[in-house]
Amino acid sequence: MFERVSVAPADPILGLNEAFKAETRAEKINLGVGVFKDAGGNTPILDTVKEAERRLVNSETTKGYLSIEGTAAYAGAVQKLLFGAQAPLLDSGRVTTVQAPGGTGALRIGAEFLVRQLGIKTIWVSDPTWANHNGIFAAAGLTVKTYRYFDADTRGLDIDGMLADLSSAQAGEAVLLHGCCHNPTGVDPTIAQWGQIVKVLQAQDLLPFMDFAYQGFAAGVDEDAAGLRLLVEQMPEVFIASSFSKNFGLYNERVGALTAVAKTPDAATAVLSQLKSIIRAVYSNPPCHGAAVVATILTDPELTARWHEEVAAMRSRILTLRHEFVAGLKAQGVQQDFSFIAEQKGMFSFSGLSKTQVERLRDEYAIYMVGSGRINVAGMNTDRMTYLCKAIAAVL
Ligand code: LMR
């Protein structure tokens, strides 16, 4: 029967990574997958993660199963990070969190819940969005519709288009929102624009599902949650998918969480029970290690403070690279204005490079980026900046 199976196309992001690994040219540069690199070109393990791991090795007494939803310590830490340590929501009983294998796992469990428990058929995603959103939601049986988001002329947010498109959504449909550091554009709403978005969600009776994968990479851990905190203040029901791949550098440990804010404690209890039943049939119960690391850091004030510093250092390195890149292009005589790159937030920028230019960069210069022209700024390196900017100037 396997003879009948045709070959699936490579994933636009992870497939590119595989191609990069197979690349033999020494000058190769990977600006594809969203992974942070330090000045030495490595994706480092955070010091706080190493310290938490040392503590865990010394204190762990068992490798027995976790419960289906993960540990209470982890869920509590996730909620504090999302809503703030003093948030009244924390003691309201209206919030429930399940551990999930990465942000992707959280999105998929959430999507299954939307379909099976709420009978939701449609989810709206930004145009453009992270390529995998489409695959995740379609696999759960949702129809994916898009709302306008990126204004190619201003390289900013098309807030009018976004509000107009969301106003055409039907009551009871779901809307995927990026918490901060929009992937792939690096363009986020201002807090005033978040207010406008919330008003439309309320007016149309839509269910917000926030993908929050880069908390701390735009302005700060608490600052980046401003949109989310407004959302949960004003909306009775919200779903949030957290990922700790980037801000804890725990990419291969697959650490994420799905948090539901419900109207009442009883509703939250029922939601948790159904999420557990979905998880049981998908992967039974979560892996322990990465979540234990996150919980160890976030329940120790000294480690938490050090982690905030480490996130700030990653954020500041990315910002420096953004400025170096803009200056580097200018130095190579590029006429086009790329100053927007320095304004965008998080790991990614939408460069505006065409598919053909992206292909030329790969074929002629061994520089890899996603076909849409998305650049992972966090993958750049000061030492290679001149090579990169020269190559881009050449294809432009
Ligand atoms: C990305 O967008 O590059 C990251 O979120 C990694 C991934 O899984 O695609």
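Trainee: How far is an oxygen atom of the ligand from a polar backbone atom of G34?

Mentor: In this model, which is a predicted one, the distance between an oxygen atom of the ligand and a polar backbone atom of G34 is 2.7 Å.

Trainee: And which residues surround the ligand?

Mentor: Around the ligand you will find I13, V33, G34, W130, N183, Y214, K246, F348 and R374.

Trainee: OK, what about side chains, say W130 and K246: how far are their N or O atoms from a ligand oxygen?

Mentor: For W130, an N or O atom of the side chain is 3.0 Å from an oxygen atom of the ligand, and for K246 the corresponding distance, again from a side-chain N or O atom to a ligand oxygen, is 3.1 Å.

Trainee: Switching topic, how is the chain divided into domains?

Mentor: There are two parts to keep in mind, namely domain 1, which is made of residues 10–45 together with 304–395, and domain 2, which covers residues 65–299. The C-alpha centres of these two domains lie 27 Å apart.

Trainee: How many residues are in contact between domain 1 and domain 2?

Mentor: On the domain 1 side 25 residues take part, and they are in contact with 27 residues of domain 2.

Trainee: Which residues touch the most other members of the largest nonpolar core?

Mentor: That core has 134 residues, and F83, F137, F209 and F325 are the ones that touch the most other members. The helix that gives the most to this core is α11, residues 301–331, with 9 residues.

Trainee: Where does this core lie relative to the two domains?

Mentor: Domain 1 and domain 2 both give residues to the core, so it lies between them.

Trainee: Last one: where does E51 lie, and what does it touch?

Mentor: E51 lies in helix α2, residues 47–59, and its side chain is joined to that of R55 by a polar contact of 3.0 Å. Leaving out residues up to four places away in sequence, E51 touches L303 and R306.

Note on methods
Residues numbered from 1 in each chain as written. Predicted model: local features only at pLDDT ≥ 70, side-chain atom pairs only at ≥ 80, totals over all residues. Heavy atoms only, no water. Core = buried A, V, L, I, M, F, W, Y, C linked by side-chain atoms within 4.5 Å. Buried < 20%, exposed > 50% of the residue type's maximum accessible area, 1.4 Å probe, protein only. Helix = DSSP H or I, 4+ residues; strand = E, 2+ residues; numbered from the N terminus. Domains from an automatic or database assignment. Near = heavy atom within 4 Å. Polar contact = N/O pair within 3.5 Å; in protein donor to acceptor, adjacent residues only side chain to side chain. Contact = heavy atoms within 4.5 Å.
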